[in-house]
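Subject: Model for you to look at

Hello,

Here is the model I said I would pass on. Please open it next to the sequence; my notes follow below it.

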Amino acid sequence: MIDTTYRCEICGETSEDPMSWVVIRCEANQLTIYRWSQEAADAPQALHYCGQRHAQMYISRWFEADNECP
Ligand SMILES: [Zn+2]
């Protein structure tokens, strides 16, 4: 297994074992939220958040950015 370090898009925190993290994929007019899984985390366009709070912060920005990927 390859060790990958993930970094929170909001606060920059890193973790090699981010089991309670959240993954969001941003596509045109669509935001998809995943519970952490290796598959979701490594998907193209996947963004990583250290927890629900920072995932919500991103979601707020997305609404403010008129559904563009901020
Ligand atoms: Zn964070």
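Asn29 is found in the loop between strand 3 and strand 4. The model is a predicted one, and in it Asn29 has a positive phi of about 60 degrees although it is not a glycine. Most residues other than glycine have a negative phi. Asn29 counts as exposed because 8 other C-beta atoms lie within 10 Å of its own, and the cut-off for exposed is 12 or fewer. The two strands on either side make a hairpin with two residues between them, and Asn29 sits in that turn.

Gln45 has a positive phi near 70 degrees and is not a glycine either. Gln45 is placed in the loop between helix 1 (38-41) and strand 5, and it is exposed, with 10 other C-beta atoms within 10 Å. Asp66, which follows helix 2, has a positive phi near 60 degrees.

Now the overall layout. The chain has two helices and five strands, and from the N terminus on the elements run β-β-β-β-α-β-α. The radius of gyration is 12 Å, close to the 11 Å that the globule rule gives for 70 residues, so the chain is as compact as a globular protein of that length. Along its principal axes the C-alpha trace spans about 40 × 20 × 15 Å. Of the 70 residues, 19% are buried. Among contacts with a separation of 6 or more, 48% are between residues 24 or more positions apart.

Three strands form an open sheet in the order 4-3-5, with antiparallel pairing. Strand 4 (30-35) and strand 5 (46-49) are the edge strands, each pairing on one side only. Neighbouring strands are turned by 25 degrees against each other on average, direction ignored. Helix 2 (residues 52-64) packs on this sheet and touches strand 3, strand 4 and strand 5. The direction of helix 2 makes about 15 degrees with that of strand 3. For helix 2 itself, 13 residues at 1.5 Å a residue should span 18 Å, and its end C-alpha atoms are 18 Å apart, which agrees.

The pairings, strand by strand:

- Strand 3 and strand 4 pair in the antiparallel sense over six bridges. Val22 stands opposite Arg35 in strand 4.
- Strand 3 (residues 22-27) and strand 5 run antiparallel and are joined by four bridges. In strand 5, His48 is the bridge partner of Val23, and Ala46 stands opposite Arg25.

Pro44 is in the loop between helix 1 and strand 5 and is exposed, with 5 other C-beta atoms within 10 Å.

Which residues make up the largest nonpolar core? It has eleven: Tyr6, Cys8, Trp21, Val22, Val23, Ile24, Leu47, Tyr49, Cys50, Ala55 and Tyr58. The largest share, three residues, comes from strand 3. Val22, one of the core residues, touches Ile33, Trp36, Tyr49, Gly51, Gln52 and Ala55, not counting residues up to four places away in sequence.

The last item is Glu13, in the loop between strand 1 (6-7) and strand 2 (14-15). Is Glu13 exposed, partly exposed or buried, and which count decides it? Glu13 has 15 C-beta neighbours inside 10 Å and so counts as partly exposed, since buried takes 20 or more and exposed takes 12 or fewer. Leaving aside its neighbours within four places in sequence, Glu13 is in contact with Cys8 and Cys50. Both of those cysteines are listed in the nonpolar core. Glu13 and Cys50 are 37 residues apart in sequence, and their C-alpha atoms are 7.1 Å apart in space.

Regards

Notes. Residues are numbered from 1 along each chain as its sequence is written. This is a predicted model: local features need pLDDT of at least 70, side-chain atom pairs count only at pLDDT 80 or more; totals for chains, interfaces and linings use all residues. Two strands pair if DSSP finds at least two bridges between them. Axes are lines fitted to C-alpha atoms, for helices over the stretch in contact, and angles run from 0 to 180 degrees between N-to-C directions. Two residues are in contact if their C-beta atoms, placed from the backbone, lie within 7 Å. The radius of gyration is taken over C-alpha atoms; the globule rule is 2.2 Å times the number of residues to the power 0.38. The expected span of a helix is 1.5 Å times one less than its number of residues. A nonpolar core is a set of buried Ala, Val, Leu, Ile, Met, Phe, Trp, Tyr and Cys residues joined through C-beta atoms within 7 Å.
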